[in-house]
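Let's take a friendly tour of this structure. We'll go through charged pairs, then aromatic rings, then pockets.

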Amino acid sequence: MSNEKEQAVTAEMLANQQLLQTEEITLSDDIIVSFLEENPEFFNRQPQLVTSLRLHDNQRGTVSLVERQQQQLRQKVHGLEEEITQLMAIANQNEQLFALYSDLYLRLLDCHSADELLDCLYQATTELLSLSDFKLWLNQPVTLAHSCLINKDCGGVLQNRLTKDEYYFGRIQQSEQELVFSEQCEGSVVLIKLVHHQQVIGFLAISSKDAEHFDPRMDTLLLSQFRKLVAKLLYQHLFVA
């Protein structure tokens, strides 16, 4: 290669090097985060940054990186404490409900008639559980006369709400409210399909003044045991000679 060509190549290389040195590189948050993730020893090599970095805090003004980490840890601990408190409250509530249902089962088993059974269910619903009302609809006529029995035809309610499901939680239409409870219900309801020996015998209807009380996300473990026992006992008292 001639001297002239060598000089030209050298000049071009120097120009490119200067261009790279003078070119401004824009650092985005993603680039910085990626660098720190790929270089976890960065702050070990630059320990002075840990104490010298100052961060803006909306409540405390300017704080150090260590103070920000301590604050985040305190917030995380506080959040965990609140979560544990909520879980303990739920566990305590579930324990109380389990004890209540266990006592109710024994009382139901001691009932000697359908009338006594319905009295017990109504009392447990309105007094022990502090709910608004309790009703029972049967899909075949019975000789029993009780204030909890629905005398109107609720076959449409059963078909619309419980054809595919064992329970319905939430609100029902005004026409359904009047059929089931003989009045309007401002809160929420649960409808519980009663089945015995694969035969649908009717449904229970329980109302609450709280619009959020009966929610579709409710756990149905206790209700599942409850509905099986009630269906069995009602069938024995009403349809078995």
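## Salt bridges

A search of the whole structure turns up three salt bridges (a side-chain nitrogen of Lys or Arg within 4 Å of a carboxyl oxygen of Asp or Glu). Before we look at them, note that this is a predicted model, where local features need pLDDT of at least 70 and side-chain atom pairs count only at pLDDT 80 or more, while totals for chains, interfaces and linings use all residues. Residues are numbered from 1 along each chain as its sequence is written, and side-chain values use heavy atoms, with hydrogens and water left out.

Start with Arg161 and Glu176, whose side chains meet at 2.8 Å, N to O. Helices (H or I, at least four residues) and strands (E, at least two) are DSSP runs, numbered from the N terminus. Both Arg161 and Glu176 are buried; buried means under 20% relative accessible area, exposed over 50%, and partly exposed in between (1.4 Å probe, protein chains only).

Next up is Arg227, which forms a salt bridge with Glu166, their closest N and O atoms being 3.0 Å apart. This one links distant parts of the chain: Arg227 sits in helix H9 and Glu166 in the loop between H7 and strand E4 (167–170), 61 residues apart. Arg227 is buried at 12% relative accessible area, while Glu166, at 31%, counts as partly exposed.

That leaves Asp215 and Arg217, with side chains that meet at 2.8 Å, N to O, in a salt bridge. Here Asp215 is buried at 15% relative accessibility, whereas Arg217 is exposed at 74%.

## Aromatic rings

Now for the rings: there are five aromatic pairs. Rings of Phe, Tyr and Trp (its six-membered ring) pair if their centres lie within 6.5 Å; planes under 30 degrees apart count as stacked, over 60 as edge-to-face and the rest as tilted. Tyr167 and Phe169 have ring centres 6.0 Å apart and planes at 25 degrees, so they are stacked. Tyr167 is buried at 14% relative accessibility, and Phe169 is buried too, at 9%.

Elsewhere, Tyr101, Tyr105 and Phe226 make up one aromatic cluster. Arg161 shows up again here: its charged end sits over the ring of Tyr168, 4.7 Å from the centre (the test is NZ of Lys or CZ of Arg within 6 Å of the ring centre and within 35 degrees of the ring normal).

## Pockets

The largest pocket holds about 620 Å³ of space. On a 1 Å grid over the protein atoms alone, a pocket is an open set of points where a 1.4 Å probe fits, with protein on both sides within 12 Å along at least five of seven lines; lining residues have an atom within 4 Å of a point. Of its 21 lining residues, Leu97, Tyr101, His213, Phe214 and Met218 lie nearest the centre. Helices H5 (65–109), H6 (114–128) and H9 (221–239) each give two or more residues to this lining, and H5 has the largest share, with six.

The second largest pocket has about 160 Å³ of space. Its lining includes Trp137, Leu138, Pro141, Lys152 and Asp153.

Terms used:
Grid points are joined across faces, edges and corners, and a volume is the space filled by probe spheres set on the points.
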